[in-house]
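Student: Please take me through some of the labels used for this structure. I would like each one set against its definition.

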Amino acid sequence: MTIPNAKPRAPLTVLPYLRKLDGGQVRLLATQCKSCGYHTFPPSTVCPRCMSLDVEPLELSSVGELYSYTTMRHADGQVYSGYVDFPEKIRVFGHLWSTAGARPHCTMQVRVVAAAPVEGARTSAPVDFKFEAADDARRLA
Amino acid sequence: MKRRTFVIGTGMVKFGRFPELSHREFAWPAVREAILETSLPKERIDVAYSASMLGGMLMGQQVLGKLGLTGLPIINVENACSSGSTGIGEAVGRIEAGKCDVALVFGVEMLSKLGGGPLPLSQDDWDAAHGLTMPGIYAMRAQRYLYEHGIDRSELSHVSVKARANGVRNPYAQMQTAVTLEEVEESRIIADPLRLLHCCPTGDGAAALVLASEEGVRASSCDNPIEISATVVHSGMFEPGPISMIKSHVSSKSASEAYEAAGIGPEDIDVAEIHDSFAIAELMYYEAFGFCRPGDAVSLLRSGTTSLGGRHVVNPSGGLMARGHPVAATGVAQVVEIVRQLQGRCGNYQVQGARVGLAHATGGGISGFEHGACGVTILKR
């Protein structure tokens, strides 16, 4: 349905940033420059190092390291969120789990998983992925 | 050879929340005060720089129209928290190059008009669209700083106590009441580990400076001009990969360039107004400016060195946490404070015998950048 007088909104990226795999798994997509090899995220049609337009998607590893974290309001509750560093030398900001769960810690390993966008959330992005503890025994939320 | 630049006029209004006033009604008294302080006819002003982030178009014309200061080049500047510093840097460059003799720089921001809550960031930005705010960014810096240096989170609260104690003495400060460690520790969590009293307030402010070449100084009535020994503006670097969030590269780089240009080092700074937008920021920037080694900021703070009466007084005005942080006004307000310190005009928050001062405004939350921009200015009497 079209909302009358709604302001046009541009998507955050013009290239896809999430790839869905068989079995419900997801991976984040960065871009890699075919000219100079530089990686960037969010994926971009131009290389921020050499300005080449010859770029290709780069699938990030499933697991990264939590650099730091904080808490924020999302939907009706509080969630942890943080910066996750991937082996491909890319840092991604994303949501972790509800603050009702265990406190995360710097350098812990986290895995990217699919998330259902929340209606009435406080974010303009769909937040269709999040991070969970990579150690299944510590999986929360 | 570059021409020298001096501050010959300062103006500032009390910071606080004044939603009943328009930007132009709120800001003109600061500009008028700065001009009157020089005794120069307003027609002697060659150029005006107006800094504002959220005020809307043509802020310079809006405010200067009130004072009939029009027809000259009015240049409107936006560079987030460094907007005011950027205006100063551009004005100094114009004077140094011999393109003008007298320049006005002012900054105004009225965050009360937004209602409340954190600064609105661009929703085209990955981090902001996923809910990250300025308190959230500094909270992550704090979390990592505590982790890397093995420091207890309660240490952050000493920064707030010092800032608010100074604010009590500053008639221009938004927050003029002291807080205790317990009050800071018991205030509500904004973005873990930062609590409400670890954050600068949102509010309104306006400040103005008149800068002049030696010729401009001679034409004015100013008998104690304060020289701008160095002013440096940089943008942060775009870096999509892992970088330290607890070492500010852009602040360190700007600081070392400013020290070199002024021919001084951190040991020479008697008084500094640095960007303590959140409690962790003051600690990080002690390190960026070389006031102490990485990890020693808490010890430096607790030693009293940076408190009123100490050897290197940081944020005697109360800083962003007590004077307030009306974004684009901050960089100008900091220089007003430093100039008045070096002129011995700061009453019961005067740093005795201050001869060399430093102002630092940095910020702007944008994905992939450590900071959007940074401005550092060194002043000498």
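**Labels and their cut-offs**

Tutor: A:R111 stands opposite A:E132 in β9(A). This is a predicted model, in which local features need pLDDT of at least 70, side-chain atom pairs count only at pLDDT 80 or more, and totals for chains, interfaces and linings use all residues. Residues are numbered from 1 along each chain as its sequence is written, chains are lettered from A and ligands numbered from 1 in the order written, and side-chain values use heavy atoms, without hydrogens or water.

Student: What makes β8(A) and β9(A) a pair?

Tutor: Two strands (DSSP runs of E, at least two residues) pair if DSSP finds at least two bridges between them. Five bridges join β8 (residues 109-114) of chain A to β9(A), so they pair, and they run antiparallel.

Student: Why are β7 and β9 of chain A called edge strands?

Tutor: The open sheet has the order β7-β6-β5-β8-β9 (chain A). β7 (90-98) and β9 (129-133) each pair on one side only.

Student: Why is α5(B) called largely enclosed?

Tutor: Buried means under 20% relative accessible area, exposed over 50%, partly exposed in between (1.4 Å probe, protein chains only). Of the 16 residues of α5(B), 13 are buried, so the helix is largely enclosed by the rest of the structure.

How values were computed:
Helix = DSSP H or I, 4+ residues; strand = E, 2+ residues; numbered from the N terminus.
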